Amino acid sequence: MRPKQKRQVCVLLPNKQHLDCTVRTQARGREVLNSVLKQLGVSDLQVFGLAVLRDNEYLFVDLEQKLNKYFRKRWSRGSLMVPFILFLRVQYYVESGQLILSSKVQQLYYTELRQKVLRSQSRHQEALLFQLAASVLQAEVGDLEQREGSDEEVEEEGEEKRQERKHRHYFLPEDYFPSWLIKRRGREYLLRHSPVLHGELRGVSRSQAILQFIKEASSLQDGPVTFYRMRQEKKMLKCSILLGVTLKGVHIYQEVEGKQCLLYDLSWTNIDRFTFQGCRFEIHAVGSLCLPKLLYYTHSAFHSKHILRHLSDSHRLHINTRDAVSYIQQLEDMQASQFYKEAYICDTARLIQKLHCNSLTSSMSDCSAAVETTTHTWTEEEEEEGSMTEFELCVDEPEEVFVDNPAEVPWLAEVLRAVPIDGRMVLPPSCWTAVTMEMKQVLKMRADEGLSVD
């Protein structure tokens, strides 16, 4: 490529590192993504997307669109001397870290989620924030060292004083707690009590602590959420409404005196459709909720289009992974109770790989295809002035498919035979419900056999 036909793109990662990519002037988002995959040494980023900063807001790049749509005139005037900035950010949050197959991608996910926890404003979830801090300490510090000394010395000193004297300086509260919580409780309180929770995790490995953190953080109200700013009125200058795309639906907040007040918590099943016309963005709840149409205004039609796409993809991903999530929970419950060990003949990670490995990859193309059926080629005038075309997205969940005869499911045996971790899924997304049902039957049979033997 000639120098004038190249552009330098800098991709900022959640861990503060960056990757440099040289692409063609006619490059699309996927060309940058492929370069990122190669430099990271992974085959799929699963839950991550490339985002551009527009109007002080992150918008996820459509990988099939040319990059000049996002950088506009600056792209045509650019050179190799000045890089264009993209951000690798979590686009789809998950309930279980086991859904993320690559350890590198899981680490990046953990890093970004950890930063979001530090910025959390969920003041009613203080206990959860303490537990999250303990999980992070176990992941990053390891086992809390036991105090050395004779039994007489240990008896003479109270437990609370011992912990305070021994461990008060091994971490900085600012690195593990939101600023408002430090102000509310005080640094001394955190330094004194956090080691107790940390000590309870003794023996938990780093990878287990990270998985525990990801699972617990999924319950944090403003943790695994992507926010988009909106206005209540078209002519208002201040964007006081925050629309949050979550794992299971949509949160709508209003900023009042610098604090986020939750107005609506809508699950995907509570939502009938989203509609946008230019910068006008509407949310229609199902009739049984008796909620009025929620009307807000985005920065532009360009923003509306990308927000709608993110909502559509997130909902589709929720549907495609819910069976795998449910199955992971069953395995964890059995492991915790130490029952039905026969169910662990095949490795858990391999089983989950078989159940969902295509859910975070091929389902994204399914999501994209679903949205593409409602979109057209946007002109610069439409993006700047706002299109008059209306798009609707129904988020009704599809019917579940059931399989009556286990003998008609030949792939079940393959799932049970410890499939290689790199193997690709042979099932279409429509079969995942059937897979889960069959696996439940097999586990129940093994459990019954185990109980009869006892």
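User: Which helix is Arg114 found in?
Analyst: Arg114 is found in helix H4, residues 103-118. Helices are DSSP runs (H or I, at least four residues), numbered from the N terminus; strands are E runs of at least two.

User: What should I know about the model itself?
Analyst: This is a predicted model: local features need pLDDT of at least 70, side-chain atom pairs count only at pLDDT 80 or more, and totals for chains, interfaces and linings use all residues. Residues are numbered from 1 along each chain as its sequence is written, and side-chain values use heavy atoms, without hydrogens and water.

User: Is Arg114 buried or exposed?
Analyst: Arg114 counts as buried, because its relative accessibility is 13%. Buried means under 20% relative accessible area, exposed over 50%, partly exposed in between (1.4 Å probe, protein chains only).

User: Which side chain does the Arg114 side chain make a polar contact with?
Analyst: That of Glu140, at 2.7 Å. A polar contact is a pair of N or O atoms within 3.5 Å; within protein, one must be able to donate a hydrogen and the other to accept it, and residues adjacent in sequence count only if both atoms are side-chain atoms.

User: What else is Arg114 in contact with?
Analyst: Beyond neighbours within four places in sequence, the contacts of Arg114 include Val136, Asp175, Tyr176 and Phe213. Contact means heavy atoms within 4.5 Å.

User: Switching to Arg7. Where is it found?
Analyst: In strand E1, residues 6-12.

User: How far away is the nearest side chain of opposite charge?
Analyst: That is Glu31, 12 Å away. Arg7 is buried yet has no salt bridge. A salt bridge needs a side-chain nitrogen of Lys or Arg within 4 Å of a carboxyl oxygen of Asp or Glu. Lys and Arg count as positive, Asp and Glu as negative; His and the chain ends are not counted.

User: What lies 2.7 Å from a polar atom of the Arg7 side chain?
Analyst: The backbone oxygen of Trp75.

User: And Arg316?
Analyst: Arg316 is found in helix H11, residues 301-337. Arg316 is partly exposed, with a relative accessible area of 28%. Arg316 and Trp268 are 48 residues apart in sequence and 10.0 Å apart in space, C-alpha to C-alpha.

User: Now the whole protein. How many helices and strands?
Analyst: 16 helices and 13 strands. Of the 454 residues, 49% count as buried.

User: Which residues touch the most other members of the largest nonpolar core?
Analyst: Val11, Val32, Leu45, Leu86, Leu88 and Tyr109, out of 88 residues. Helix H5 (residues 126-140) gives the largest share of this core, 8 residues. A nonpolar core is a set of buried Ala, Val, Leu, Ile, Met, Phe, Trp, Tyr and Cys residues joined through side-chain atoms within 4.5 Å.
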